[in-house]
Amino acid sequence: METHSTEMIQGENDYAKDLQQLTYTVAGKISEGAEKTESFFSSACIYRVPEDLRKLNERAYTPRLIAIGPLHREDEHLQTPLQHVKMSYTNYLLSRLTAGMEDQLELAKQKKLTVLQECLAELKTAVDDAKKFYAEEVTLDEEMMLFDGCFILEFLYRCRTRTQTVIREAKSISSFIS
């Protein structure tokens, strides 16, 4: 009987040790997972819309004409000549830097190249930081950031210029009416 009691105590000790080991293992995994999640999501602020929400209204969450950033960059329906508009807008933006230098074409070209090189140098240092804003792994490079950024800036510039033109025209018309 004493042997049976000793075996039970030994069995309980083994169970307690196994349970303790399992507890430490699980606690370690929880801690590791929480730490990874914390570091991954601490700077993330750009998320892909969850599929269930996306299905409610696909058009609301899918770019139709042009992709900005890496999330929809490879979408087949966006591989159109409109993607080349980004390069064109980048050219317009850089060309405004050399406005008034039409008689000095070589100097204007060199200035555009210098500004382009400075932009790319800055973007090269910003790529890794930019990736941290995404909640998932993305392919992001200086070229995409340059074209997308310049496209947005030129687009905003054109919107503002058009708005100012419309306001000037409206004021001009109203002065004739009054």
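Biologist: Which residues does Leu-140 touch, not counting residues up to four places away in sequence?

Modeller: This is a predicted model, where local features need pLDDT of at least 70, side-chain atom pairs count only at pLDDT 80 or more, and totals for chains, interfaces and linings use all residues. Residues are numbered from 1 along each chain as its sequence is written, and side-chain values use heavy atoms, without hydrogens and water. Contact means heavy atoms within 4.5 Å. With residues up to four places away in sequence not counted, Leu-140 touches Pro-70, Val-127, Ala-130, Lys-131, Tyr-134 and Met-145.

Biologist: Is Lys-131 buried, partly exposed or exposed?

Modeller: Lys-131 sits in helix 5. It touches Val-138 and Leu-140, not counting residues up to four places away in sequence. Buried means under 20% relative accessible area, exposed over 50%, and partly exposed in between (1.4 Å probe, protein chains only). At 32% relative accessibility, Lys-131 is therefore partly exposed.

Biologist: How many helices are there in the protein?

Modeller: Helices (H or I, at least four residues) and strands (E, at least two) are DSSP runs, numbered from the N terminus. Along the sequence the pattern reads α-α-α-α-α-α. There are zero strands, and the helix count is six.

Biologist: What radius of gyration does the protein have?

Modeller: Along the principal axes, the C-alpha atoms fill a box of roughly 115 × 45 × 35 Å. The radius of gyration is taken over C-alpha atoms, and the globule rule is 2.2 Å times the number of residues to the power 0.38. For a compact globule of 178 residues the value would be near 16 Å, but the protein has 30 Å.

Biologist: Which residues does Glu-154 contact, leaving aside neighbours within four places in sequence?

Modeller: Glu-154 is found in helix 6. Its relative accessible area is 2%, so it is buried. Leaving aside neighbours within four places in sequence, its contacts are Tyr-89, Tyr-92, Leu-93 and Arg-96.

Biologist: Within what arc do the buried residues of helix 4 fall?

Modeller: In helix 4 (residues 83-97), the buried residues are Gln-83, Lys-86, Tyr-89, Thr-90, Leu-93 and Leu-94. The arc is that of the directions from the helix axis to the C-beta atoms. Seen down the axis, these residues line one face of the helix, because they fall within an arc of 135 degrees.

Biologist: Which cysteine has the sulfur nearest to that of Cys-150?

Modeller: A disulfide is a pair of cysteine sulfur atoms within 2.5 Å. By this rule there are zero disulfides. Cys-150 is in none, and at 6.0 Å its nearest cysteine sulfur is that of Cys-119.

Biologist: Why is Cys-159 too far for a bond?

Modeller: Cys-159 is partly exposed, at 29% relative accessible area, whereas Cys-150 is buried, at 9%. The closest cysteine sulfur to that of Cys-159 is in Cys-150, and a bond is ruled out because the distance is 16 Å.
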